[in-house]
Amino acid sequence: MSDVPPLVRLLVADDHPIVAEGLRRYLSPEEGLEVVGTLGSIDELMRTLAADPRVDVVVLDVQIPGMEAGDTVRAIRARGPAVVIFSHQRPDDYVARMVAAGAAGFVSKSDPVTDLVRAVQAVHAGRSFLTDELRAAAAAVTDSAPPHAALTEREREVFILLAQGSTPKEIGFDLALSGSTVYSHVEKIRHKLGASSLAEIQRYAERWGFLDARASD
């Protein structure tokens with residue numbers, strides 16, 4: 001009986017070339033792992049999965065262009081591969097929705113790379129690589145109603161302008177609102193999205209694809 005682990009064929013989906021190449025170089029020499037490609041967008045990832053049904057695991061950056069949280073994870077899982085989420089951020093509601101949709105592992109970019117190897121091996125074997133807190137958060141998620149669905153029409157206008165990089169002062173000028181009114185809207189948006197700062201609001205907007213006023217739920 002052989003002690004050689006089964007070969008795991010994986011794709012790395014990360015739009016930062018240095019990160020993707022670094023992972024490829026680190027993971028490729030690992031016994032039992034084969035990095036079959038590094039990709040910079042969800043469209044490219046889905047085309048690759050359609051052309052190569054032998055991929056076992058996808059290591060997925062949460063901010064890769066084209067990401068649509070649960071919908072993206074479900075689309076990947078429908079083609080067979082397990083999903084390990086790879087993020088420089090702490091797990092949040094967005095990540096919980098990805099887990100609820102079928103992602104079986106989460107590794108922070110600040111964790112040792114050996115954790116990523118363990119996560120890939122675990123999900124390929126049908127196990128999860130998640131903290132109890134993240135499992136609980138995923139169990140509580142209602143994926144059909146993302147947090148931004150709770151925004152009022154005016155809050156949504158302010159949110160989209162924040163996503164475009166406008167400051168509260170600029171938003172007040174554009175929407176003919178007083179400074180105190182804008183800040184009140186920003187606080188309500190922050191609370192509804194579970195964001196602790198303007199930077200987190202903007203990261204949320206990026207993850208959900210709110211890059212301009214044409215974005216929708």
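Start by selecting helix α7 (residues 153–163) and helix α9 (residues 179–193): they pack at an angle of about 85 degrees, and their axes are 10 Å apart. Angles from 65 to 115 degrees count as roughly perpendicular, so that is the word for how α7 and α9 sit relative to each other. Keep in mind as you look around that this is a predicted model.

Now show the side chains where the two helices meet. On the α7 side, pick R154, E155, V158, F159 and L162; across from them in α9 you will find H185, V186, K188, I189, K192 and L193.

Is R9 buried or exposed? Its relative accessible area is 12%, and buried means under 20%, so R9 is buried. Which residues does R9 touch, leaving aside those up to four places away in sequence? Select E34, V36, D52, R54, V55, D56 and V57 to see them. Zoom in on D52 in particular, because here you can trace a polar contact of 3.3 Å between its side chain and that of R9.

For the last stop, go to the loop between β3 (57–61) and α3 (70–78), and click on G66. With a relative accessible area of 49%, G66 is partly exposed. Beyond residues up to four places away in sequence, G66 touches I42 and T72. Finally, draw a C-alpha to C-alpha line from G66 to S108: they are 42 residues apart in sequence and 20 Å apart in space.

Conventions:
Residues are numbered from 1 along each chain as its sequence is written. This is a predicted model: local features need pLDDT of at least 70, side-chain atom pairs count only at pLDDT 80 or more; totals for chains, interfaces and linings use all residues. Side-chain values use heavy atoms; hydrogens and water are left out. Helices (H or I, at least four residues) and strands (E, at least two) are DSSP runs, numbered from the N terminus. Buried means under 20% relative accessible area, exposed over 50%, partly exposed in between (1.4 Å probe, protein chains only). Contact means heavy atoms within 4.5 Å. A polar contact is a pair of N or O atoms within 3.5 Å; within protein, one must be able to donate a hydrogen and the other to accept it, and residues adjacent in sequence count only if both atoms are side-chain atoms. Axes are lines fitted to C-alpha atoms, for helices over the stretch in contact, and angles run from 0 to 180 degrees between N-to-C directions. Angles under 35 degrees count as roughly parallel, over 145 as roughly antiparallel, 65 to 115 as roughly perpendicular and the rest as oblique.
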